[in-house]
Amino acid sequence: MRKNLQRFIAKNSSKTLFWLVLAISQLTYHVGNAQDRQIKGTVVSSDDKSGIPGVAIRVKGGKQGTNSDINGQFSLSAPSNGILEFSMVGYKNQEVKIGSQSDIKVVLEIDARQLQEVVVTALGIKKDVRRIGVAIQSVDGSATIKAREPNAINALSGRVAGLTVGSQPELLRKPNISLRGSSTVLYVVDGVPINSDTWNISPDDIETYSVLKGASASALYGFRGKNGAILITTKRGSSDKRGFSVEVNSSTQMQSGFYAIPKVQDEYGPGDHGSYAFGDGKGGGLNDGDYDGGWGPKFNGQLIPQYDSPVDPITGKRSGTPWIARGKDNLSRFLETGILSTNNVSVAATGEKYNLRFSTSHIYQKGIVPNTQLNMTNFNITADYKFTNKLKFESNLQYNRQYTPNIPDVNYGPNSIIYNIVYWAGADWNVDDMRNYWQKGKEGIQQIYAEYQRYNNPYFMSYEWLRSHYKTDIVGQAALRYTFNENLNLLARTQVTTWDMVRTEKFPYSAGTYGRDERRGDYREDRRSLFENNTELLLTFDKDVLPGLNTKITAGASQRVFQYKSIFASTNYLNVPGLYNFSNSSNPVQVANFGSDMNVLSAYYSADFSYKKYLTVFATGRMDKLSTLPAGKNTFFYPSFGAVSVISDYIDLPETISFLKFRGSYANVKDGLTSSTIDNRAGTYSGENYNSPYDGPSYQNNTVYSTGFYYNNQTGATYGDGLSNPNLNPSETSQTEFGMDLRLFKNRIAIDAAYFISNDGPSIFSLPISSTSGYTSALVNGIKTQKKGYEISVTGTPIKTADFSWDVIANYSTFEERLTEIYPGITSLNTFLKVGDRTDKLYGSAFVHAPDGQIINSGGVPIKISGAQSQYLGNINPDFVFGFNNKFSYKNLSLSVLFDGRVGGKIINYTQQQAYRGGRHIGTTEGIFAEARPQDALGVKAFVGQGVVVSNGVAIKYDANGNVTNFSELQFAPNTTKTFVQDYVGRYYNTNEGNLMSRSFGMLKEVVLGVKLPSSWFGKYVSTANLSLVGRNLLYFAEAKDTDLSQYLSDGATSPQTPSVRSYGVNLNFTF
Amino acid sequence: MIHTMKIKNIILGMLGFSLLALSSCEKTFDQLEKDSNRAVQVPASLVLQTVEYNVLNDNGRPFSAEMRWNQFYCSNYNYYANNEYTLGAMPNQYSTLKNVIKMEQEAKKAGLADVNGYSALGKFFRAYFFDQMSKRVGDLPMTEALQGIDNIAPKYDSQKAIYVQILKWLDDANSDLTTLIAKGETISGDFYFSGDLKKWQKVVNAYRFRVLISLSKKDTDSDLAVKTKFAEMAGNPTKYPILGSNGESLQFVWNNFNKYPSNPDNFGFDATRQNMASTYVGFLSSIQDPRVMMTCEPAGSDLKAGKLPSDFTAYRGAGSGDNLDDMSKNAGLSNGAGFAPGIYSFQNRSRYYQTYTGENTFIVGFPELCFNIAEGYARGWASGSAEDWYKKGIKASHAFYGIVEGANTMTYSKTGSKDAADLVKYTVNFNFDSYYANDAVKYDDATAIKKILSQKYAAFFMNSGMEAYFNWRRTGFPTFSSGVGNGNSNRIALRWIYPTTERTANSTNYTAAITSQYAGKDDINDQMWLIK
C-alpha cells in the first residue's frame, strides 16, 4: 500500500494534490503480528470473480476469526486440521478444510434468494434490509452527478416515491419539498442532522441518499425528524483494490431554449384605451407613467411622441416618431445563455488502518439574466483511523461557500425583470437601446427608460441594482467508536453545523420599487449567523441472547445547543449617489437585530429483536427536553414500534417469488415552537425576503410588545394580538404504516409498496378567537388532520443479456389530507374548512353565476363576489405524482431517461392574470377578443361578454358566504351590453376563477447518454473513463406554457418566474 | 483486569471528549423559553403613539377608498380601484382598543393615579373607536369585549346601549380632563397636541356634538336624551369647552415620513386615474364656490373649448355611479397637446402633488363642529342661531382653503402636468356677502337641513373619515350619484359586514346579533338601528 502511494506520488506530482497525498503518506502502515501457522487467502464472488470485502471467516469450533479486507483478502492463524467457515450476507455459506494450504482461494456463490442490501437508517445505523420495517428508499449518489442540477436536492426529483421536489431554477432559491405532504424535512449527513438550505450539500461527495419517508423511520431524530428525513452518506475512502483512487468529474451544461415562457402580443403598445404620448414618463404625458404595456395605440407607424423622440430645444416640444413594435421579443433578446459548470476532484485512499478522502468541487452557474451568477466551492475531508481493532476514529469536515456578487430578484414588483419586460412593459422600446443605460450628463444618477414612474430599465437593473450573497457553511463531525467485543460498541460523536451569511443590496439612484418612490437609492445589509452543536453518546449491543434470538439495542444521549444572531440594516435613501454605505443615509438608518438560543437534551434507544429468520420486532423511544416549550411541558417522550417478517425465508413460495417481506410500524412524534426557516427584515421593502434555514425557537408563545415607526419616525408600541399559553403541550403526530417488499424472477423485479395513515395533531395551533376579545388568536393544542396515502416503487431489469440490459425505476405516490377535528366550539378552519374537508381546498375570488352556471354581468362586465366571500375553486394537491426512469446499457453505451410529473389539482395562474391585465397577453388579440380588440384602440365599445344579465331590475341578494339567496325573484336574459376589451379583461382576469388552470404536467427531466471510454486510451493510470452527453428539462407538457408548474407544490397560485430553460451538456468522469 | 482498566480509560476519554465539545449554555431552560428580543413592558407614551396613529388610519385617509365612497372623487382605472360599494368587513379596531387598555395599565404600573391623562384619553378613544365601528355595522360586543382569554366569545350589545355608553365615556372624559387640567397634568407621546389636555378636552366635546347629531333619528329616545344633552352642552361652554378655530381641530399633520397620500411620488400613478366626482364638484360649482378651484382643476375639454379656468362651469366631475368603461375612456380622451386629457376635473395639481405634506387632515374639525351645532339648533334641540353657526362653518372651511375677501390667486395646470412651468395662476374675486346672498347658499328654515348638510359635506372634503357618507346616510344630503358603477345591483351600500372571524369564532353571538338586527343576514344593504 505504502509502496503504491509512493509510486503514485513519484509519477503524479500534481501540485494541487501533493499536500494531501503527503498527509496520507504520514500514516504508518501497521503489520500484524506473525503467528506460528499463518494462513492467507482471498474470497471472491462467483459472478465477477472480484474480492468480497467483509466476509466473516471463522475457524469452526474455535475462537479464531477475522474478516476479509477491502480486496477480499484475509489472514489468520489456524490449526491445519481446522475447517474455515465463510459467511456473508447475500452469499451462500461455505466451509473449507485447511489441510496443507497456506494460500486459500474461496469462491462464494451468490444466494439468489438472499439479498445483500444494507440500508442506512436513522442515526446512520446500517441495517440488513430484511430487518428494516420502515419506509426507506435509497438513491445512488452517482446517479445524480452527470446531468447536473446546481442543487443536490433538485436532483432527487422523480426518483423517490412519496418525495416530490419542486425544483427551483432561480439562483439560490431552495427547492420546495413535499415528503408525504410535509414541506420540512430534516437533512442528515453521516448520521448527524445539519442545518441546511440544501445548497450546502455537495452532490459530488454523496455516496447515497436514503429517504426516510415517515415518522417511524426518523423517530430517532426526535422532533426535527417528525416529517421524515433525507440521510446523506458521504463517500469515505476508496473501494479500489489498489487502496487509492482519484476521481475527476466535470460537467458543463449550457442553459438556453425556453420550455416555459409567457407569450405576448406585439401589435398594441402601452397606454390606456388606445391613447399614449410620452411627456416625461411619469404622468406628464398621456398615460405615460405606470402604464399598461398593451392597452395603448396599435403599432401602425403613426407619429407619437416617445421616450427617445427628438425634443425641440426652443419650444421644449417633443415631436412624434413612428409608433412601431421595436420591442418584439425583448425578453428573449435580453436573456443570455446560462452556463452550469461543475468540477470535482476527489482523492481517496483506504488501508487496513484508515479511510481518507479529500474532495473539492466548484460549481459555477451563470444565470440567464445578464450579470448574474452563483459560485459554490466545497471542500470535504473525511479521515477515519483505526487505532486498534477496537478503537476507531471517524471524522469529516465540510466547508461550503456560496458566493455571488449579483443574483436577480424574481419576486413580483419593479424589482423583477419579468415585471419590467412582460407584465407591464410595451413593445414600443427596443431592449438593445437600453444597454447604455445612463442618461447623458447624468451618469450614475439617472437611468434611461421608456417610463420613469414605476418601471426600470432591465440592463440598468442587471448591472446597477446588485444583490450579493455570501454564505459560508461548515459542517464537521468527529467520532470515536470503541468495540468492546463483537456484541457491544460505543460511539461518542460531536458535530458542529454553523454558517455565516451576508447579503447586500445596492439600490441605485433613479431605480424605483414599491414604497421607494423617491428614487434616491438605498443600501442594505442582512447578516446572519448560526451555530449548532450536537454531541451524543451511543451504545450498541448486538448479540444472539438466546439461540435464534438476536438482539440489537442502541441507546444514546445527546445535547443540542443552538445559537442564532442576525442584524438587518437599511439606509433611508442616499445622500450621494453610488456610495453604498450606511454613513451615506439621507434619513436615519433603520436597523433591527434578533438573537435566539435553544437547548435540547435527549435520550433515546432503538431495539431490534429478531427471532431466527421469522420475525424482527423493533421499538424506538426518545425523550426530549426542549427549551422552547413552557416549564413542565418541555419534557416529552415519543415511541415507535413495528415488526417485519420475510415470508420468503420460511415459507415455500412459487419459484417466481424470490423475496417477500411484510412490515408494519407505528410512531408518535412531538414537537413545538420551533420554526424551520427565518427571515430578516426590518421595515417594508419589496423584493426577496430571504428565508434561511433555522430550526430554532419561534417565540410564538410570547405575547410581547412590537415596536415600529408610526408618526414622524417616532417609535410606537403595540401589544401582540396572539394570546400565549403557559400550559401548552407539544404538537403530536402519529403515523401507522404498512409495507410490502416483493421481488420476482430472481430479484429481477422489485415492488415496494407502502400505505400510511398519519394522524397529525393536536398541533400547537393558533386558534382564531373573536377579535372582539382584543386578541385575534390564542395558542392552544388543537386541530387534527389525517393524511392517508400510498407509495409504490417498482425497480426491475426486464432484459439482461451479456451485452444489453434495461433497467427501470418507476415511482408513484398519492396522498390526501383531511381535517378530522378543529377545536371545541369552532366549526370551521380558515373560514371555510369543515371537519371532513380536504385541507388543500383552494378558495378564491369568483364570479356570480346564474343557476345554469352562466356568469352574471352588469354594465358589460362580470359581477364578482365580494372579496370576503371566497369560493371553492378546486383542490391544490395533485391526484398523484410519478417518476419513470429507464436505463439501457449496451456494451459500453448507456442511455438513461427520466420522465416525471404530477397529475391533477388546480392552481391560479398569476402570470396569465397579470399579462392579461396589462393587455400584453397573447390571448388579448386572439380568440374571443380578436374581433373587438382593434375597436378598443379607436374608442369603440365592441366586446360582448358571455353570460347573462338580470333582466327584471331586481337586486341580487347574498348570504354571508356569497351565495345568491333570491334566484326565484331574478329573471335573466343574455348579456348584450358592449364594453371595451380592456375593461372586460381587467375585470375577468382580476379574479382567481378567471385564472384557474390544471396543475398537471409532465417533464422529460433528464437524458444521459453515456459512453465508457476504453481506459487504454488514457494510459495505465486511468482505470475508468466515462463521457456522457446530458440534457435536462428537455420537454414540458402542461395546459399553459407561460409558467413552469414543477416549481409549485402547495402554493395556490403561481408567481413570477425567470423563464425556464433547457440544459444541454457534457459530463466527463475519470477514475485514476 | 487490564482489560477493564483499559475500557474505563476509554470511556472516560470519550466522555471528556464529548464534554469538551459542548458549548456552554449559561441560560436555564426557563430563560431560554422567553423572547429576549422584545419587551413585555413599555412606557404608556409608546402605546399612545400607536393609538393616536390609528385614530386616522383605517377610518379614511385622503384619496382613499373611503373618500370615493364619500363621492369626492372617482377611480377610473380598474386595476387600482373602482367606485363600487362592495363594503367588506368593517375596519376592526378592537386590537387598538386592547392597546388603549394596555396603555392605561402601563400608566398605572408607572405609578400614575387611577385618573390620569392616559385614562381620560382612554375614555375618548373608547368612544371614538366604538363609534367608528358601530356606525359601520350595528350591534357589537362591548360590555363583554376586550377581556382576552377570560372571554373569547363575547356577547353583543345593542347599538343603542353602545351609544348610551359612548355619550357617557365622552362626558366622563370631559370631567376627568377638567380635574386633570386643574392639576396641571400632561401626557407624553402625544403628537396631536404635545400633551396639552386643554386642547384634548375641546376635541372630546366637539366629538360629543358629532355623536349627538349622528343620533338625530333617535332624538326622542329617553335613554339617549339627545336633545337634553345637546342643550346642556350648547348652553354651558364653561363646562363643555369646544373648538374655537380650525387650528384647534384634531388633525393629522403630514410630514416626510407620513406622506400626504397625494404627493410628488405618485403623480404618475394617479394623475389621470383619479378624476373628481360630480357630487362634490357639481355642488361647489353650482353655488360658485371658489373652494372647487382650490381643490380641483378645470376640465381639459372645457379649456380646449375656450372656457377660462375662472369659469365655474369648467369644473365637472364624473358620476360615481357611472359605468367605469365610459369613465376610463372619458378621463383619458386626448384634448391634444397643451391641454389636460379628459372631460373631467382632476385634483388640483398645485395643491396636492407638489409636497409631501399636502394639507392637514381634520379628524375632528372645527368647520364640522359649527355645522353640527347649527344642525342641532335647526332641529330645535336648543334655542340658538343655526344661521350664525352655519355661516361660521362656511367661513371656517373657506379659511381652511385660504379663501379671502377680494382677489384670490388660484393655480391650475394648463397641460395636466405638475411641472412648475405648466402651472398657471389666475385670479378670482370673492366676496362672502355676495356669495352668501345666493339663494342656494343663504340659510332659510325651509331647507335648513339640506343646506347645512351640503355645506358640511363640502367641508368634509378629504377629511374626517367617512363622516360625509354617514351624514348622507342619515339625511340623504347631498344627493349621491348611483348607477351601474356602484356595483351592488346599482345600490349604495348602507353598512359593512362583521369581521369574518365572528362567523367562525363567535358564531352563536354573531348569529343572534344578525338575527335580531337584520333578519339573519349580514347584508351590506340593510338598515341599522341608528338610521331607522
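Two strands are said to pair when DSSP finds at least two bridges between them. In this predicted model, strand 22 (residues 373-386) of chain A meets that condition with strand 23 (residues 391-404) of chain A, the two being antiparallel and joined over 12 bridges. One such bridge sets Ala383(A) against its partner Ser395(A) in strand 23 of chain A. The two strands make a hairpin with four residues between them.

Strand 22 of chain A is also joined to strand 21 (residues 354-366) of chain A, by 13 bridges and again antiparallel. Here Phe358(A) has Ile381(A), in strand 22 of chain A, as its bridge partner. Strands 21 and 22 of chain A form a hairpin with six residues between them. In its turn, Asn371(A) has a positive phi of about 60 degrees.

## Strand 37 of chain A and its partners

Strand 37 (residues 731-744) of chain A is mostly covered, with 10 of its 14 residues buried. Antiparallel to it runs strand 31 (residues 657-671) of chain A, and 14 bridges join the two. Within this pair, Val669(A) is bridged to Thr733(A) of strand 37 of chain A.

Strand 37 of chain A is joined to strand 38 (residues 749-760) of chain A as well, by 12 bridges in an antiparallel arrangement. Phe738(A) has Tyr755(A), in strand 38 of chain A, as its bridge partner. Four residues lie between the strands of this hairpin, and Phe745(A) takes a positive phi near 45 degrees there. In a regular strand, side chains alternate between the two faces of the sheet.

## Two open sheets in chain A

An open sheet in chain A has five strands in the order 10-15-16-13-14, and its pairing is mixed. Strand 10 (136-140) and strand 14 (192-194) of chain A are at the edges; each has a single partner strand, so one side of each lacks a neighbour in the sheet. On average, neighbouring strands of this sheet are turned by 30 degrees against each other, direction ignored. Strand 14 of chain A pairs with strand 13 (residues 186-189) of chain A in the antiparallel sense, over three bridges. In this pair, Tyr187(A) is opposite Ile194(A) of strand 14 of chain A.

Another open sheet in chain A consists of four strands in the order 45-44-51-52, also with mixed pairing. Its edge strands are strand 45 (861-862) and strand 52 (972-974) of chain A, each of which pairs on one side only. Two bridges link strand 45 of chain A to strand 44 (residues 856-858) of chain A in the antiparallel sense. Asn857(A) has Pro862(A), in strand 45 of chain A, as its bridge partner.

## Asn487 in a loop of chain A

Asn487(A) belongs to the loop between strand 24 (466-485) and strand 25 (488-509) of chain A. The relative accessible area of Asn487(A) is 16%. Buried means under 20%, so Asn487(A) counts as buried. Leaving aside residues up to four places away in sequence, Asn487(A) touches Thr540(A), Phe541(A), Asp542(A) and Lys543(A).

## The largest cavity

The largest cavity has a volume of about 360 Å³. Its lining has 30 residues, and those nearest the centre are Pro169(A), Glu170(A), Gln255(A), Gln365(A) and Val1061(A). Strand 17 (244-260), strand 55 (1001-1013), strand 56 (1024-1038) and strand 57 (1060-1071) of chain A are the elements that give two or more residues to this lining. By type, the lining residues of the largest cavity comprise 11 nonpolar, 13 polar and six charged.

## Chain B and its helix 20

Chain B contains 22 helices and six strands. Its C-alpha trace spans about 120 × 60 × 50 Å along the principal axes. Of the 532 residues in chain B, 60% are buried. Among contacts in chain B with a separation of 6 or more, 73% are between residues 24 or more positions apart.

Helix 20 (residues 467-475) of chain B is largely enclosed by the rest of the structure, because nine of its nine residues are buried. They include Tyr469(B), Phe470(B), Trp472(B), Arg473(B) and Arg474(B). The buried residues of helix 20 of chain B pack against helix 4 (65-69), helix 6 (117-137), helix 8 (197-214), helix 16 (366-378) and helix 19 (448-459) of chain B. Just after helix 20 of chain B comes Gly476(B), with a positive phi of about 85 degrees.

Terms used:
Residues are numbered from 1 along each chain as its sequence is written. Chains are lettered from A and ligands numbered from 1 in the order in which they are written. This is a predicted model: local features need pLDDT of at least 70, side-chain atom pairs count only at pLDDT 80 or more; totals for chains, interfaces and linings use all residues. Side-chain values use heavy atoms; hydrogens and water are left out. Buried means under 20% relative accessible area, exposed over 50%, partly exposed in between (1.4 Å probe, protein chains only). Axes are lines fitted to C-alpha atoms, for helices over the stretch in contact, and angles run from 0 to 180 degrees between N-to-C directions. Contact means heavy atoms within 4.5 Å. On a 1 Å grid over the protein atoms alone, a cavity is a set of points where a 1.4 Å probe fits but cannot get out, and a pocket is an open set with protein on both sides within 12 Å along at least five of seven lines; lining residues have an atom within 4 Å of a point. Grid points are joined across faces, edges and corners, and a volume is the space filled by probe spheres set on the points. Ala, Val, Leu, Ile, Met, Phe, Trp, Tyr, Cys and Pro count as nonpolar, Asp, Glu, Lys and Arg as charged, and the others, Gly among them, as polar.
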